[in-house]
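Thank you all for coming.

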Amino acid sequence: MASLQASRQLRSVIAMALCWVSAGLGLTALALILGALLWNGFTSLAPAVFTQMTPPPGAAGGLLNAIFGSLVMTFFGVLIGAPLGMLAGTYMAEYGRGSKLTMVVRFINDILLSAPSIVIGLFVYEIAVVPMGHFSAFAGSIALALLVVPVVVRTTEDMLNLVPSTLREAASALGLPRSLVIRHVAYKAARAGLITGLLLAVARVSGETAPLLFTALNNQFWSSNFNAPMASLPVVIFQFALSPYKEWQQLAWVGALIITMAVLALSITARIIGAQRTTK
Amino acid sequence: MAEALLSSMAKSDAVDIREKVLRRFEVGDSAFHTITMSCAITVLLLLGGVIFSLVYGASPALRQFGFGFLTSHAWNPVTENFGALAAIYGTLVTSIIALLIAVPIGLGIAVFLTELCPYSLRRPIGIAVELLAGIPSIIYGIWGMFILAPFLQAHVEPAVIATFHNIPGLSQVFAGPPYGIGIATAGLILAIMILPLISSISRDVFNSVPPVLKEAAFGIGCTRWEVVRRIVAPYTGVGLVGGIMLALGRALGETMAVTFVIGNAHKIAPSILGPGTTISATIANEFTEADGALYTSSLIALGLLLFVITFIVLAISRLLLMRVEQQGAR
Amino acid sequence: MSKILLRATVVAAVLGAAASALAIDISGAGATFPYPVYSKWADSYKKETGAGLNYQSIGSGGGIKQIEANTVTFGATDAPLKADELAKNGLVQWPQVMGGIVPVVNLDGVEPGKLVLDGDTLAKIFLGDIKAWNDPAIVKLNPSLKLSDAAIAVVARSDGSGTTFNFTDYLAKVSADWKSKVGVDKAVQWPVGIAAKGNEGVANTVANTKGSIGYVEYAYAKQNKMTYADMVNLEGKTVAPTMETFQAAAANADWANAPGYYQILTNQKGASSWPITAATFILVHKQPVDAAATGEALKFFAWAFANGGKEAEALDYIPMPANVVAMIKKTWAAEIKATDGKIVFEGK
């Protein structure tokens, strides 16, 4: 009896020790990756990165056109994708709660959310690049918009579902029509959550490379022409990291650092806003 | 008399205004309803559009090669003979390696966070693990290429090759030369990428177990491990499988992390230390330079294949996770 | 007085802004082989004229695809198109500069130019028949080198590449085995090894992988201080990759009698010829859709012919001889015309 107890205890101790080890491994991996990123990124960080364009091989330069391109295409991607996603999520939470259409859309949306982004890139190539005859920042923005939509749909629906129905009923009782109830009451109540969703969507598309590879391509000069290829941070990192030129590799690390810091800042901001909401 | 006239006029005005406002409300309401419904339907159309355009782009290749596309491992741009087998093999093997590594560790982290971790550390460590999830995949790629691969090439792979050198069978699986990059490295990077996903879904699922069940088990003298194994795991089994399948779907489609370290060799070799290719790495590397309609179409056919595979995996995971939500609501 | 100065400054600024806005950016895509020298030329050209060159270094296959699809003004390729292909797509082709392809290795204790390889051994390495560095065939060529039994890690190209075209052309000429098993093209099914994207990717991968061997254009080996190998040429002499040996091989070219200037310079005669020499070509449309853009591109290439020689030679590329340049300019005047029949190339 005692030996059975002892062996059971031993097994438990070993299993729990392995769990500690797992946690340690996970944290170690994070430390190694973030550490390498911070080390390699900060040692090459200089004001020139934000003031000069991407250089030819073997010369020093910066990432200005790539940063600009990323900002612009992300902005337009969110501009196109967020309203679409928000309205779709509104339908699912307000008009179609429990309906078959809502269930199907939610199912499809979740699949689109986790689908490989390279497939979205191929899709936009077929519908935007081929008809236009060339790569363009416009096609790149469309690709990013298609990645923003599923995130925004999901968070909008979840956040609107959390708004208590009593609020809506009170507004209706005062005579507000349905659409104004949604716009003036439900949106206001879920505002923090909706903003969180937006920030998460931006964080998600900031690091996406594959869909931009065959839509916006790349451009070593400054370009603000939407009808032409435009540089972006992830694609520039891809090109520079695979090259043998030291200056280019250093710029790749700096670019990676910039993207990661932006994504982390957005995620932390989203978290703070979300926490504020619950404490109110 | 005048007052009665005045008041009746005012009333009809008010009625008019009221009717106008109500009609405006009605129009606004139905417009809003229509707009939001069409946006919801657009999401469906999006999926349909993706599938349709992929099929359209892939049809020249599929017509040319037929079912043989899936079973041929040729990839010859010279003779325009393309087959998906090498890419499918690489995709599956790297994802399986990733699951083999990430599932035990991810579950271990989830158990740690729900059972063992001191309460004050739970949030910070949970956030730290989720930070791993937030890192864009291209960073995993360059980290893998610049830091992990040289480390593996210099220290780990020679040791592994030497260890298995004389064991029949396994010596094929771990054969040299030590490139540093290759299928095993890609699988390792994928494992680190899907680790936070598995651990956060598992942790949410573990947290959904009613405490009374665990307390009852502790009450009759079960050890921690027995509670996890016999109470928590069976209760959450469906959710765990759903989370693992979600991670699998993510691993299958991952592009940037793999492209840097996979070695781009259209081959099926027994050694996991050697180079290979995955569907997404092939497309990313070759699409912008594919000349010839058949080459481009074959790459789109690969994309279609990937989409179908991930769709099936993600659909299964969605169904399983939906069941868990319903279970929790009960 | 200060008012006049102010007005003058404003006018100058506006004119300056207008001038830089007028400077057209020339768009091109293609071979990674000449990318080091094209980007040096582009830098100097921009300093002189303000016009920039936006060149996507994506491989010869991509360059051909993009010019055929009209998404760029010029395409660049080291795998020249034959006359019938040129006619089919309405393209004009000419050689812009020449260079050498060298095998590069990553071996401890071996310095640049100390390792000697011949065509047959190189073919066997890339076929996978020779697997280790101390194979008898390699040792026979390098009796004084200490070679370990390390496995050879072969690095090839994953993209459509003119460098691959010339490299496989050379291997097919020296090895019947290679010709029958693999063949010659911009992209082939490599029997062994890993593949990287572009000359840049191969250079990067060889530099990071111990015991590896790859093939790159010489400027990449030079710029990144890589260990290159000497080769045994057609006449059995061991030659190093230098401008002189590249020029010796290039002297064999017969440009006058080649339709579309199609010339392959591998495995040429001459005691001091480098066996894997290649010319790299530019493609533009005979009747360009955007004649102004093509005109700007031709201006750039004429400038490069006239002024780019020193920068090319600094990277060990060989500029085209003067008589060939004259022939090329005649071709421009004769064949590249706008839709209204006007000759696109202005200047001499």
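This is a predicted model: local features need pLDDT of at least 70, side-chain atom pairs count only at pLDDT 80 or more; totals for chains, interfaces and linings use all residues.

A search of the whole structure gives 15 salt bridges over all chains, and the count between chain B and chain A is 2. A:R8 also forms a salt bridge with B:E226, with the closest N and O atoms 2.6 Å apart. Since A:R8 sits in helix α1 of chain A, residues 2-44, and B:E226 in helix α9 of chain B, residues 224-253, this pair joins two chains. B:E226 counts as buried, at 16% relative accessibility.

Within chain B, the side chains of B:E115 and B:K214 meet in a salt bridge of 3.2 Å, N to O. That pair links distant parts of the chain, 99 residues apart, with B:E115 in helix α3 and B:K214 in helix α8. Are these two residues buried or exposed? B:E115 counts as buried at 12% relative accessibility, and B:K214 counts as buried as well, at 17%. In another pair, B:R250 and B:E254, the closest N and O atoms are 3.9 Å apart; here B:R250 is partly exposed, with a relative accessible area of 30%, whereas B:E254 is buried, at 9%.

Now to the interfaces. The size of an interface is often given as the accessible area lost when the parts come together. Chain B and chain A bury about 6,900 Å² between them, with 83% of that area on carbon and sulfur atoms, and 76 residues of chain B are in contact with 76 residues of chain A. The rule finds 6 residue pairs in polar contact across this interface, both residues being at pLDDT 80 or more. Helix α1 of chain B, residues 2-65, gives the most to the side of chain B that touches chain A, with 22 residues.

For chain C and chain A, the buried area is about 1,500 Å², of which carbon and sulfur atoms give 52%, and the contact takes 23 residues from chain C and 19 residues from chain A. Across that interface the rule finds 0 salt bridges. On the side of chain C that touches chain A, the largest share, 5 residues, comes from α2(C).

Turning to chain A itself, helix α11, residues 233-241, is largely enclosed by the rest of the structure, because 8 of its 9 residues are buried. At the surface, A:L38, A:F42, A:L45, A:F50 and A:M261 form a nonpolar patch with about 420 Å² of accessible area together. A:M261 belongs to helix α12 of chain A and is partly exposed, with a relative accessible area of 35%.

Finally, a point about the backbone. Most residues other than glycine have a negative phi. C:K225, however, has a positive phi of about 50°, and C:N267 has a positive phi of about 55°.

Note on methods
Residues are numbered from 1 along each chain as its sequence is written. Chains are lettered from A and ligands numbered from 1 in the order in which they are written. Side-chain values use heavy atoms; hydrogens and water are left out. Patches are made of residues with over 30% relative accessible area and no salt bridge: like charges are joined within 9 Å, nonpolar side chains (Val, Leu, Ile, Met, Phe, Trp, Tyr) within 5 Å. Accessible areas come from the Shrake-Rupley method with a 1.4 Å probe; for residues, only the protein chains shown count as cover. A salt bridge is a side-chain nitrogen of Lys or Arg within 4 Å of a carboxyl oxygen of Asp or Glu. Helices (H or I, at least four residues) and strands (E, at least two) are DSSP runs, numbered from the N terminus. Buried means under 20% relative accessible area, exposed over 50%, partly exposed in between (1.4 Å probe, protein chains only). Contact means heavy atoms within 4.5 Å. Buried area is the accessible area (1.4 Å probe) that two parts lose on being put together, summed over both. A polar contact is a pair of N or O atoms within 3.5 Å; within protein, one must be able to donate a hydrogen and the other to accept it, and residues adjacent in sequence count only if both atoms are side-chain atoms.
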